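Thanks for coming. I have one structure to go through today, and I will keep it short.

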Amino acid sequence: MRFGIFYELSVPRPFAPGVERTVYENALEQVRLADALGFDTVWAVEHHFLEEYSHCSAPELFLTACAMQTKQIRVGHGAVVCVPAMNHPVRVAERAAVLDILSGGRLELGTARSSTWSELGGFEIDPDTTKQTWDEYIRALPRMWTEERMSWQGTCFSMPERAVLPKPVQKPHPPLWVTVTSPGTELDAAERGIGCLGVAAASYKEQERRTREYHRRIQSCTPVGAVNENVATLNFLYCHEDAAVATRTGMQMMGLFGLANAHLLFTREAYPTRAYGSLANLAPGPGPRGREGSPADASGVPEGMAIGDPERIIRAIKEWESIGVDGVNFLLNAMEAIPQAQVLESLRLFAREVMPAFAKGRGR
Amino acid sequence: MLVGTADLETFARGAPRLDAFPDSPLTLPGVELLQATFELAGSGVESLFPPGLHPTLPVLAVFAFWRVDQGPLGAFTLAQLRLSCRSGARPRQLLVSSFVDGEPAREALNTCFAFGARAARVELARFYDRAEARVSLDGRTLVAVHAGAPLPLATSDLQFFASVHPAHTPKGLRLVQIDAEYALTRAERGKPVLDAFDAAGFGMPTLRPAWPVASFVAIGDVTLPRVRFVVRPDVLAFEGTERVS
């Protein structure tokens, strides 16, 4: 089991001078601690224009800072939005390679296509095309990293023969992932031989189905590069010796995150399209039954959430492990609702009491 | 998080009366729909919403037109302007203006649902290459839109959201939630163009629909069901949502 921390970098209103800097500095302090405690990966999303919810528009810069301030923890650039208006594929390959070099071969690269109209509309991107551009990117990126020179004749971009430089440290290339929100994307991941980076809340039952399908389908994949057969899920983490305190604090964080997420303008709400099959709600909603079909236990915490005392969290993660999940990435805070000292203490307690209950590993 | 800051007294003054919640659904057969969506420009969008609602970012101005040739209310054409928002975590559209061309229907919709619809000339015309709609009052055009480049979609590709609008109800001043149900047989997406918009004529002089998003034309049955929920406009939905028995 691999443990990661995951950043949206949410910033609460009012946007007073310095508040964004505080959010970034708090996150960097958490990353340094997570590195020292033995967490495996720090992930940072790419979002644009999402007021309060995510002020993480240049994750490669944040992750470079993370890499420079840590020794072991891997840096998850995830997910890069694979549409040309936001990121030309050559620039994605170049930035990723530099980050892999600077981090000493610690890069994981997540890919995505964006799910909000706020973002797609802001760049005048046609939502109908994003699945196609994503597919083209993930086929092109491994070639840019592994071939001395390459050319490309495609639909969303073309280029004459060039050397895309520098090349990443990891050989043949850094692990590739795709973010999974809607059901079905896990099959897209499997068919291309890339990792399944869950960013949507799913019940045990639903995740078990997705994981089983993923592992079955990847056996006959057409790999875009080196196969990364791993499934990671997204979770919240608030660990405290006193279960009642943990529940109260963790549920507040979860509720705020869910509320902020619910206020995003999802693509399908604005733009009728076949390319976005659902509203793609990435987060649990507020309240004790935050996730569809996901019952809460007596504490009111929805099943599977890493909110509680160490014993409860171990039980929850053991369940994830038993259904084939290889890694869990944790959101540690939302809207700075939890004071920084408590976030750090939660991380320490998790590392001290929960981590030893799990064997460390890279998965498959 | 942004919440509405509209003055409740002003909000209350403009709200129509709903003497009784409708006790049976109203189905309108074979409705032709045109919906054109634009992003609003300008800061301070929260002033358009009561404190019980959150604006989306950006706020979408949704112009919805229905042409009904027959049915329980007779022939009529309706136009509505709605603004995208959230009631708690739920996606909603705040209905800010309604116009109906067809007096019996206008009266019935105002009595049963408190749409507060004004009488106006409302036109909706559908062609193979475009659709056009217009609202005019006393010879003055309040809004004119057209949508071109139609692309067929599955009817399930369209997404509809419940609307809310203020009314003086038996429970007091409330936002009345209308969960219209759509059974569509045809859908096309298009590119909308706002040919004219008289914000003052809509009673919202600061409203600036600026950036075209999408439009669609659809055909099908529309049902306005019984009102199941109302929301207090002064507090957030987690506290202010009430079931209508």
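Chain B has a mean pLDDT of 95, with 100% of its residues at 70 or more; pLDDT is the predictor's confidence in each residue, from 0 to 100. This is a predicted model, in which local features need pLDDT of at least 70, side-chain atom pairs count only at 80 or more, and totals for chains, interfaces and linings use all residues. Residues are numbered from 1 along each chain as its sequence is written, and chains are lettered from A and ligands numbered from 1 in the order in which they are written. For the complex, the predictor gives an ipTM of 0.93 and a pTM of 0.93.

Now the contact between the chains. Chain B puts in 20 residues and chain A 20 residues, where contact means C-beta atoms, placed from the backbone, within 7 Å. On the chain B side, β13(B) has the largest share, three residues. Strands are DSSP runs of E, at least two residues, and helices runs of H or I, at least four, numbered from the N terminus.

Next, helix α1 of chain A, residues 19-37. Which of its residues are buried? They are Val23(A), Ala27(A), Gln30(A), Val31(A), Ala34(A) and Asp35(A); buried means 20 or more other C-beta atoms within 10 Å of the residue's own, with C-beta atoms placed from the backbone. These residues cover an arc of only 140° around the axis, so they sit on the same side of α1(A). The arc is that of the directions from the helix axis to the C-beta atoms. The buried residues pack against β1, β2, α2 and α11 of chain A. After α1(A) comes Gly38(A), with a positive phi near 100°.

Notes
Contact = placed C-beta atoms within 7 Å. Expected span 1.5 Å × (residues − 1). Buried ≥ 20, exposed ≤ 12 C-beta atoms within 10 Å, placed from the backbone.
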